[in-house]
Amino acid sequence: MTSRFRFIEDQIEKLAVDKLKRHFPRCDEHVARLEKVQGHAYRNKKTALASLIHRSSLVYWPNDKSGVFSNEKLEYLGDSFLNFFVATEAMAAHPEMNEGQLSKLRAAIVGTESLSRKARDLGLGEMLLLGKGEALSLGQKRQNALADSFEAVTAALLLDAGEEGARRWLFEVFAADFVIGKETLAHFDVKTRFQQWTQGIVGQPPTYKVVGTMSTPQATEFIVAGFVGETELARASAVSKRDASKLVAAKMQALVDRGELTAELLIRLASPSKEKI
């Protein structure tokens, strides 16, 4: 790579792999899995390994952190490159969109929820090197940790394969998001659209409440219900409360789109004499 990345390449070269392997003996397996996921054989394996070091793992070296560091700088670089990549590809795929629409589309594609889903689908959570406490608390499945890991491995690929190599992989991962850009945008805006509709009619937004949890072998999902007044309109489950509430909003907006929830009915539901649909 060019010298503009020298600041992080120099740090990566100082990575004490033997020191890391004393606590994480399967490092080579994690790197091999990442190579398979990205379709790239790393010339410098340290670059791939560095992208998988979660900050929580540094707890194993409380007194001597020489040669060990987290992937946070790679997260920063990956986040910046992702935004640039998505902005340029979104403009090319949707020349009819204005600046505001393109900004919202970019936010939907590179937001924490979207990146965490991509990371989960790719199995990045299982590749991360985590501290014991983070591992016991299922840090691999936490939304922020997953999104950060996607940014970090993107930066690693950028450093080792160059911009074209990184863009090629990202386009494979996000191709469908660009093709269905308008649908992605509609889903991203659905919670705001439904809120604006209810506020314009009854002067109050819907409310979202966690009504339970549901455990699966992969993760614990939150069950969220959407209400107007005290009337429940829909519920959905997801690994995060935010994701679940968006799914609920989409279901409630679908009621409006199908004509099952009208302005007149909304007024009755929000009034003291409530009526279920």
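1. Contact here means heavy atoms within 4.5 Å. The model is predicted. By that contact rule, L170 touches F81, L82, F85, F150 and T154, leaving aside residues up to four places away in sequence.

2. L170 is also among the residues that touch the most other members of the largest nonpolar core, together with L20, L34, L49, F150 and F174. That core holds 53 residues. The largest share, 16 residues, comes from α9. Another core, of 16 residues, lies apart from it; V228, M252, V256 and L265 are among its members.

3. Eight aromatic pairs are present in the structure. F85 and F178 form an edge-to-face pair, 6.0 Å centre to centre with 65 degrees between the planes. F85 lies in helix α5 and F178 in helix α9, so this pair ties together parts 93 residues apart in sequence. F85 is buried, at 0% relative accessibility. F178 is buried too, with a relative accessible area of 3%.

4. The F150 and W169 rings are stacked, because their centres are 5.4 Å apart and their planes are at 20 degrees. Both residues are buried.

5. Y60 sits in the loop between α4 and α5. At 27% relative accessible area, Y60 is partly exposed. Ring pairs link Y60 with F24 and W61 in a cluster. Y60 also touches H23, L130, G131 and K132, among others. The C-alpha atoms of Y60 and H23 are 7.7 Å apart, though 37 residues separate them along the chain.

6. Two lysines sit over rings. K191 lies over the face of Y208, 4.6 Å from the ring centre. The charged end of K209 is over the F227 ring, 4.9 Å from its centre.

Notes. Residues numbered from 1 in each chain as written. Predicted model: local features only at pLDDT ≥ 70, side-chain atom pairs only at ≥ 80, totals over all residues. Heavy atoms only, no water. Core = buried A, V, L, I, M, F, W, Y, C linked by side-chain atoms within 4.5 Å. Buried < 20%, exposed > 50% of the residue type's maximum accessible area, 1.4 Å probe, protein only. Helix = DSSP H or I, 4+ residues; strand = E, 2+ residues; numbered from the N terminus. Phe/Tyr/Trp six-rings, centres within 6.5 Å; stacked < 30°, edge-to-face > 60°. Lys NZ or Arg CZ within 6 Å of the ring centre and 35° of its normal.
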